[in-house]
Amino acid sequence: MALLPILHYPDPRLHTVAQPVAQVDDTIRTMVQRMLATMYDAKGIGLAATQVDFHQRLVVIDVSEERDQPLVLINPEVEWASDIKRKGEEGCLSVPGIYDGVERSLAVKVRALDEHGQSRLIEAEGLLAVCIQHEMDHLNGKVFVQYLSQLKRDRIKAKLLKAERDARRH
Ligand code: K1U
Ligand code: ZN
């Protein structure tokens with residue numbers, strides 16, 4: 001399965017708001033398979049379509065130890081989010097090498113279509129809840145570093161732009 005290139009912050013395309021998927025068809029199912037392959041190859045626990053420059057509301061997740069429990073969320077909507085929040089360490093395949101604390105709801109209930117177009121209610125807590133919120137932010141054009149201070153963001157931006165320049169030179 002062909003892997004997809006992942007956009008890196010501060011690429012402006014990461015701030016695109018994704019459009020709803022109109023129909024869950026073979027084009028979307030092929031995209032799901034390519035996104036899962038890309039996520040597993042990059043050793044991530046989630047990937048939003050925005051990160052691979054596909055601006056439709058589609059997310060793949062697998063938080064299992066064995067990496068054998070893929071979850072596909074199409075047009076996800078939060079039905080409920082706990083008022084209780086907790087700050088936890090996050091990473092992002094679009095912000096390589098950077099980890100920082102973000103406050104998120106401890107638990108969420110999310111309604112989404114699966115890859116067969118079936119409506120599902122996902123009740124999540126812990127890492128799955130965090131990952132769902134992180135990936136839904138991507139669909140709304142938001143990258144986790146936007147929760148950090150301007151100073152931290154500027155440093156991250158400079159570091160990643162330098163890494164990108166160095167990679168092009170070598
Ligand atoms: O959206 C992404 O880029 C995927 C991202 C998801 C995520 C990880 C951690 C917290 C929230 C969302 C990653 O998979 S980053 C790499 C990773 O595997 C990881 C990093 C920190 C903790 C657990 C996993
Ligand atoms: Zn991310």
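## Around Val 60

In this predicted model, Val 60 touches Val 32, Met 35, Leu 36, Met 39, Gly 46, Leu 47, Leu 71 and Val 72, leaving aside residues up to four places away in sequence, where contact means heavy atoms within 4.5 Å.

## Nonpolar cores

Val 60, together with Ile 28, Met 35 and Leu 58, touches the most other members of the largest nonpolar core, which has 17 residues. Such a core is a set of buried Ala, Val, Leu, Ile, Met, Phe, Trp, Tyr and Cys residues joined through side-chain atoms within 4.5 Å, and buried means under 20% relative accessible area, exposed over 50% and partly exposed in between (1.4 Å probe, protein chains only).

At least two residues of this core come from each of α1 (26–41), β2 (58–61) and β3 (71–81), with α1 giving the most, 6 residues. Helices (H or I, at least four residues) and strands (E, at least two) are DSSP runs, numbered from the N terminus. Another core lies apart from this one and has 16 residues, including Ala 18, Ile 122, Leu 128 and Leu 139.

## Backbone features

Most residues other than glycine have a negative phi, and most peptide bonds are trans. The peptide bond from Tyr 9 to Pro 10, however, is cis, with omega near 5°, and Pro 10 is placed in the segment before α1.

Arg 67, in the loop between β2 and β3, has a positive phi of about 60° although it is not a glycine, and Arg 67 is partly exposed, with a relative accessible area of 27%. Asn 75, found in strand β3, is likewise not a glycine and has a positive phi of about 50°.

## Conventions

Residues are numbered from 1 along each chain as its sequence is written, while chains are lettered from A and ligands numbered from 1 in the order in which they are written. Local features need pLDDT of at least 70 and side-chain atom pairs count only at pLDDT 80 or more, whereas totals for chains, interfaces and linings use all residues, and side-chain values use heavy atoms, with hydrogens and water left out.
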